Amino acid sequence: MSSQQRKQVILGAYLGGVNHQTAWWDPQAGSQIEFDSFEHTARTAERGKFDFFFLAEGLALRERAGQIFDQDIIGRPDTFTVLASLAAVTEHLGLAGTINSTFNEPYELARQFATLDQLSGGRAAWNVVTSFDAFTGQNFRRGGYLDRAQRYERAEETVALVREIWDSWRSDDIVADKDSGRFLARAEAGEFAFHGSQFDVNGRFTVPRSPQGRPVILQAGVSPQGRDFAAGNADAIFSPYGQLPEASDFYRDIKARAVAAGRDPGDIKILPSASFVLGTSEADAIEKYRDIRDQQVTGQTALILLEQIWNLDLSGYDPEGPLPDIAPDPEASPIIQGRAFIHQDRFETVAKLRAVAENKKLNLREVVIDQFERGPIVGTAQQIAEKIDSFVQNDGSDGFILGSHLVPTGLDEFVDEVVPLLQDRGALRAEYEGTTLRDNLGLAIPADRGLVAPR
């Protein structure tokens with residue numbers, strides 16, 4: 001396959017947040033909330049010709065038995081403030097933020113992302129998420145809880161309304177003719193109206209259309225309903241699969257759903273997240289990975305992860321011993337709050353874990369590592385470049401969102417050692433060819449829809 005025919009690998013960079021995978025205890029680790037950490041990661045990603053920087057968001061501090069997790073990193077600055085600050089120190093890098101559709105109003109979302117898009121010259125992206133629990137809702141005036149169907153109904157209307165607000169401005173609405181004194185091409189520029197089951201609003205939008213037409217939409221969806229929503233609305237979707245053939249099955253399914261929704265399969269990009277461990281040899285990389293993993297999945301961490309399944313206090317069990325010999329209690333008050341970890345039947349999950357422990361002769365901590373830790377891409381620079389390129393060329397994804405256990409300098413060695421190899425293979429740009437995030441991702445600028453007629 002010639003370099004001209006190769007799929008270009010899309011690369012996003014994330015800065016690790018509040019979870020045990022981030023080695024905040026490492027002597028080389030920096031702050032999770034100081035601007036220097038965000039700036040270093042973003043500048044490094046841009047140096048490596050990455051497509052975008054991705055920032056996750058947590059709306060509530062996670063708790064165990066009413067206490068904040070003492071092994072977690074506490075705090076996450078406001079997403080828009082961080083991304084707007086990064087817009088001033090980068091030129092080409094996309095700026096993607098996770099913002100909840102359950103607790104935010106569409107007009108505010110439209111205005112905040114449109115502003116970020118204007119400030120960055122067309123580099124903004126919105127990762128649309130919903131909130132599943134009343135615990136998170138306690139931090140908001142609306143509070144409460146939305147069941148699954150209502151969450152998706154609200155999310156779909158939120159995205160639809162936000163897009164209509166963005167599209168209320170045409171790209172040629174601002175004339176700004178100094179000689180004639182004419183500023184607007186249309187008196188009705190920015191007018192919008194929307195009437196649905198969740199929202200009934202009309203008004204005039206304050207932010208004109210950006211250089212990329214409208215911000216990029218990111219979404220995650222695993223269930224059939226989630227996949228349909230993402231395939232119909234998103235420009236990129238996060239994949240939970242990092243191994244073939246499951247990843248290829250997911251890739252084909254999403255592309256097919258996009259076609260069924262009247263879209264071109266190239267209009268939506270598939271992107272799993274991944275970490276990496278680089279070594280001077282394969283054996284060196286594997287040894288490094290095992291050392292990192294043992295620091296990440298301590299006995300305490302393993303017990304807390306299992307408490308999410310059992311919904312019981314398991315602190316009295318030995319992490320190096322067998323799995324708890326008691327049944328889960330789904331009816332008890334949640335011991336873990338703020339973590340969306342268990343969605344399946346607890347009893348079936350426990351039965352599966354017991355079978356794994358017996359068949360593989362694993363203790364409690366080893367079962368957690370075996371079942372719940374998504375392994376990083378491990379190897380030499382050459383091996384990692386080969387794995388990433390091969391995965392993309394074989395339609396496991398369109399790229400990866402990469403992060404490191406070490407904040408903020410962990411991405412440096414990937415950019416220094418792996419990026420040049422991907423460029424040599426013709427799978428990654430040597431220079432940015434455009435200025436917007438849509439340019440980076442190879443996505444067309446949405447056509448002007450003009451004034452949105454009331455429904």
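Me: Which elements do the buried residues of helix 13 pack against?

Reply: In this predicted model, they pack against strand 1 (10–14), helix 1 (35–47), strand 13 (269–278), helix 12 (381–393) and strand 16 (399–403). The buried residues themselves are Asp412, Phe414, Val415, Val418, Val419 and Leu422.

Me: How far apart are the end C-alpha atoms of helix 13?

Reply: At 1.5 Å a residue, its 13 residues (412–424) should span 18 Å, and the ends are 18 Å apart, which agrees.

Me: Where does helix 13 bend?

Reply: The bend is about 35° at valine 418, and proline 420 follows within four residues. Just after the helix, glycine 426 takes a positive phi of about 75°.

Me: How many salt bridges does the count come to?

Reply: The count is 29. One of them joins arginine 227 and aspartate 253, at 2.8 Å from N to O. Arginine 227 lies in helix 6 and aspartate 253 in helix 7, so the pair ties together parts 26 residues apart in sequence.

Me: Is aspartate 398 buried or exposed?

Reply: Buried means under 20% relative accessible area, so aspartate 398, at 6%, counts as buried. Its side chain meets lysine 255 in a salt bridge of 3.4 Å, N to O. That pair links the loop between helix 12 and strand 16 with helix 7, 143 residues apart. Lysine 255 is buried as well, at 10%.

Notes. Residues numbered from 1 in each chain as written. Predicted model: local features only at pLDDT ≥ 70, side-chain atom pairs only at ≥ 80, totals over all residues. Heavy atoms only, no water. Helix = DSSP H or I, 4+ residues; strand = E, 2+ residues; numbered from the N terminus. Expected span 1.5 Å × (residues − 1). Bend = angle between axes of the 7 residues up to and from the residue. Buried < 20%, exposed > 50% of the residue type's maximum accessible area, 1.4 Å probe, protein only. Contact = heavy atoms within 4.5 Å. Salt bridge = Lys/Arg side-chain N within 4 Å of Asp/Glu carboxyl O.
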